[in-house]
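Hi,

Here is the structure I promised to pass on. Have a look at it first, and then read my notes below.

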Amino acid sequence: MLGLIDLLLPGMHWDALRVLIWVPFVALALDWWRGEPPVAVHPVVWMGKALHWCGERWAPLAPVPRDFRAFWCMALAWCVLAGVVMAAAWGLQWLALRFHDVIAAALLGVLLKPMLSWRMLHDEVLAVEAALARSLPEGRAQLARLVSRDVSELTAEQVRESAIESLAENLNDSVVAPLFWFVLLGLPGAALYRLANTADAMWGYPGMHGGRYWQWAGKWAARADDVLSWLPARITALLLAVLARGLSPAALARQARRTPSPNSGWPMAAMALALGVRLGKPGVYVLNASARDPGPLDTRRAAKLGSLVALSLIPLAVGAHLLITIVSAWVVA
């Protein structure tokens with residue numbers, strides 16, 4: 001049985017560790033300092049274009065009952081894209097690790113950065129609050145950049161709730177989960193997760209969306225994202241609970257189960273309980289129903305709490321890499 005470090009640099013466990021422990025710090029620092037790379041060179045944009053191309057060819061234009069052809073075509077497309085993405089990431093990682101430790105860590109940090117995005121999420125959520133302070137229509141329009149739900153009938157309180165929920169959910173999808181999979185599988189793991197999450201966002205609908213029927217065509221993508229997000233979502237909720245100085249695990253689990261998603265309910269419920277506010281999606285679920293409606297300061301509190309979670313990931317990643325290295329060395333020995 002080979003560990004991650006063996007796959008990265010066979011027989012050089014501690015040398016690899018000296019590189020890996022710096023990569024999350026470099027990636028998060030670049031994210032906060034520079035934000036997103038240009039669209040033309042953004043690998044997630046390339047993934048999105050490939051996913052769109054596949055969807056245009058195999059997702060049906062009208063509802064089709066038990067459409068196994070669409071299911072298997074899109075499942076195969078997902079697997080092929082996953083293989084291409086992971087192979088490309090592994091090749092880039094292998095090249096980066098040929099350099100001196102400092103250069104290798106810097107290069108891997110640059111390569112990991114597009115797989116995560118906290119600064120953009122942080123700024124977009126605060127932009128919703130700023131727009132809402134000007135007018136409700138501006139707040140709705142700004143929120144529409146973040147969520148796929150219909151925002152045309154939302155009240156000011158519901159716009160704010162949706163923004164805070166989006167921050168909590170995407171704190172997992174855009175920060176915690178990519179770093180989790182990087183720690184376990186290196187750059188290929190982070191790239192695989194980013195493809196899976198993007199595919200779910202584009203394909204994972206239970207019916208018609210964007211002129212295509214996704215009930216069967218998007219089922220594989222939705223389930224793959226559920227599997228890859230399962231543990232990171234709960235880690236995100238745990239970190240929010242710890243940084244909020246303790247939440248009842250029973251209350252957190254009870255609230256998380258109120259949402260239809262097996263994963264997104266956990267960070268959203270943790271955020272609702274941490275802030276002491278009510279969050280919900282009209283006609284679907286309500287979290288922490290007995291609490292007050294969130295106010296303008298709660299959006300800023302949520303953003304600050306998310307930043308603390310992102311910062312806490314740096315020492316946690318170092319500790320996880322150290323543990324993997326020790327276990328890998330012990331197994332090989």
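A word on naming before anything else: helices (H or I, at least four residues) and strands (E, at least two) are DSSP runs, numbered from the N terminus. With that in hand, you can find F68 in helix 5, which covers residues 68–96. Please keep in mind that this is a predicted model, where local features need pLDDT of at least 70 and side-chain atom pairs count only at pLDDT 80 or more, while totals for chains, interfaces and linings use all residues. Residues are numbered from 1 along each chain as its sequence is written, and side-chain values use heavy atoms, with hydrogens and water left out.

With a relative accessible area of 39%, F68 is partly exposed; buried means under 20% relative accessible area, exposed means over 50%, and partly exposed is in between (1.4 Å probe, protein chains only). F68 and A105 are 37 residues apart along the chain, and their C-alpha atoms are separated by 45 Å.

A89 is also in helix 5, and at a relative accessible area of 7% A89 is buried. What does A89 touch, not counting residues up to four places away in sequence? The list is L187, P188 and A191, where contact means heavy atoms within 4.5 Å. A89 and L192 are 103 residues apart in sequence, yet 9.0 Å apart in space, C-alpha to C-alpha.

R66 sits in the loop between helix 4 (43–58) and helix 5. R66 is not a glycine, but it has a positive phi of about 45°. Its relative accessibility is 57%, so R66 counts as exposed.

Two packed helices are described by the angle between their axes and the distance between the axes. The axes here are lines fitted to C-alpha atoms, for helices over the stretch in contact, and angles run from 0 to 180 degrees between N-to-C directions.

Start with helix 8 (residues 136–143) and helix 9 (residues 156–203): their axes come within 10 Å and cross at roughly 25°. That makes helix 8 roughly parallel to helix 9. Angles under 35 degrees count as roughly parallel, over 145 as roughly antiparallel, 65 to 115 as roughly perpendicular and the rest as oblique. This crossing of helix 8 and helix 9 is left-handed, meaning that the near helix is turned anticlockwise from the far one by less than a right angle (right-handed if clockwise). Helix 8 brings L136, G139, R140 and L143 to the contact, and helix 9 brings A156, V159, S162 and A163. By class, the contact of helix 8 with helix 9 has five nonpolar, two polar and one charged residues. Ala, Val, Leu, Ile, Met, Phe, Trp, Tyr, Cys and Pro count as nonpolar, Asp, Glu, Lys and Arg as charged, and the others, Gly among them, as polar.

Helix 9 also packs with helix 12, at an angle of about 125° and with the axes 8 Å apart. Helix 9 and helix 12 are therefore oblique to each other, and their crossing is right-handed. The contact is made by I164, E165, L167, A168, E169 and N172 of helix 9 and P267, M268, M271 and L275 of helix 12. Sorted by class, the contact of helix 9 with helix 12 has seven nonpolar, one polar and two charged residues.

Further along, T198 is in helix 9 and counts as buried at 11% relative accessibility. The side chain of T198 reaches the backbone oxygen of R194 at 2.7 Å. Leaving out residues up to four places away in sequence, T198 touches V44, G48 and L51.

E124 is found in helix 7 (residues 119–134). Is E124 buried or exposed? At 16% relative accessibility, E124 counts as buried. The side chains of E124 and R145 are joined by a polar contact of 2.7 Å; a polar contact is a pair of N or O atoms within 3.5 Å, and within protein one must be able to donate a hydrogen and the other to accept it, with residues adjacent in sequence counting only if both atoms are side-chain atoms.

In helix 11 (residues 249–256), the residues A251, L252, A253, Q255 and A256 are buried. Their cover includes helix 10 (219–243), helix 12 (265–275) and strand 4 (285–287).

Cheers
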